[in-house]
Amino acid sequence: MIHKLLTSLYNMKMNTVIVAAFSEFFLVVSGCTTYSTDAENRYHEIDVVSALYEQEIVNLSNYVEELEYIPIETNNEFLLSNIARISPCDDYLAISCFITQQVYQISNDGKLIKSIGRRGNAKNEYRAVGKLGTTPESIIVFMGTKIISFSASTGEIQQVIFPDDIEDVKIFGGFALCGKDSIAILHNMNEGENYISIVNDKSTEVQRIKLWDTKKRKVEVPMPTGGIMKLEWTYMSTLYNVNDTLRVTNDFIDTIFTYSDGKLLPHIVFDYGKLGNKRFEPKLNTELAFTSTKVKETNNLLLFENLDGDKFLYDKTNGTARKIKKFEGSNYQGFTNDIDNGIPFWPVAVTSDKMYSFMSADVFIEEAAKSDSEKMKQVAATITEESNPVIIVATLK
């Protein structure tokens with residue numbers, strides 16, 4: 001994991017919340033523990049210190065009522081090396097191929113519906129997929145130089161947004177859906193200035209919000225071969241969506257905000273206690289630094305990881321945070337699969353009520369043979385090592 005971290009450090013982003021701005025946000029909720037009665041929107045504080053040292057085995061059945069293994073259909077015109085990205089919607093899934101980057105729309109039972117757009121350098125084409133977004137009406141493909149929205153029903157292009165469409169913007173840093181008809185786009189205008197622009201379906205910017213500074217910092221990073229390297233990177237934000245609600249956070253998480261009516265309200269705060277200053281001093285502490293790109297949020301759960309790859313679960317219904325105990329002699333870490341005794345489960349994508357993972361066909365066949373899961377064995381018997389990947393879907397209680 002450290003090797004992967006070091007190969008991406010030059011592109012890694014982080015922000016430090018401006019104290020004055022945070023104070024203003026905090027006053028909104030001061031003296032009141034919630035601004036909503038449900039767990040999804042309630043204000044939460046995560047006791048990071050307790051979570052770090054309270055490793056637990058967490059059974060999948062505590063949160064999941066059904067687990068499905070769905071092999072993606074394989075034919076000569078639809079071959080996937082593996083899945084690079086997945087974005088679930090109620091009626092379908094959008095996926096991109098790991099090697100070709102081609103985007104496909106498949107049904108919830110793994111059948112190919114259609115290819116989405118095509119790779120290329122033309123205005124309406126994409127070279128690589130940085131992120132996928134889905135709604136019942138649209139499939140959205142994100143690149144740093146453009147955002148393309150395709151019709152989910154016909155595959156036709158609905159909208160193309162370029163940085164030039166937004167004043168003073170040169171490149172996009174991220175995006176997420178904001179409500180049903182708008183897109184939130186993350187970008188830098190100048191050195192140290194980090195913004196979100198809300199863009200409507202006419203590619204018109206309707207609102208701009210200045211976030212926090214993205215000043216470059218020198219950070220000492222432990223090398224896998226020993227010793228320390230001082231690296232410089234700038235810090236930036238991450239956007240994601242839960243039930244049409246926009247969340248905003250930063251790479252080394254302190255706070256996850258909810259965007260509401262042009263304001264950012266604290267949604268989840270990470271309380272490091274006395275360990276707070278030890279995350280980066282005198283060197284980067286990969287055990288204490290959590291990365292926002294690994295955050296997954298459902299109605300009742302927040303799943304997150306530190307830079308060591310350790311996995312954590314926060315239960316929004318009872319306010320408890322736990323570090324998931326590692327399995328000895330296993331390459332997997334996650335929920336213990338006590339539903340069918342298959343491999344441990346950890347999602348790569350979520351919706352409000354489902355969690356998704358995937359596995360290449362050859363690995364799935366191998367793991368099915370080693371596991372006690374009759375369900376996995378039955379699915380493995382229907383595929384070969386050259387088949388398309390298997391989607392794993394966990395339906396939440």
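How many bridges join S4 to strand S5 (residues 93-97), and in which direction do the two strands run? In this predicted model, in which local features need pLDDT of at least 70, side-chain atom pairs count only at pLDDT 80 or more, and totals for chains, interfaces and linings use all residues, S4 and S5 are joined by 5 bridges and run antiparallel. Residues are numbered from 1 along each chain as its sequence is written, and side-chain values use heavy atoms, with hydrogens and water left out.

Strands (E, at least two residues) and helices (H or I, at least four) are DSSP runs numbered from the N terminus, and two strands are said to pair if DSSP finds at least two bridges between them.

Strand S10 (residues 146-151) is mostly covered, with 6 of its 6 residues buried, where buried means under 20% relative accessible area, exposed over 50% and partly exposed in between (1.4 Å probe, protein chains only). In a regular strand the side chains alternate between the two faces of the sheet. In S10 both faces are covered, with Lys146, Ile148 and Phe150 buried on one side and Ile147, Ser149 and Ser151 buried on the other. S10 is joined to strand S9 (residues 138-143) by 6 bridges, the two running antiparallel, and a hairpin connects S9 to S10 through 2 residues; Phe142 stands opposite Ile147 in S10. A further 4 bridges join S10 to strand S11 (residues 157-161), again antiparallel, with Phe150 opposite Ile157 in S11. The hairpin of S10 and S11 has 5 residues between the strands, and Gly155 in this hairpin takes a positive phi near 85°.

A nonpolar core is a set of buried Ala, Val, Leu, Ile, Met, Phe, Trp, Tyr and Cys residues joined through side-chain atoms within 4.5 Å. The largest such core has 28 residues, and Tyr69, Leu313, Phe335, Phe345, Met355 and Phe364 have the most contacts inside it. The largest share of this core, 4 residues, comes from S28. A second, separate core of 20 residues includes Tyr240, Ile256, Leu302 and Phe312.
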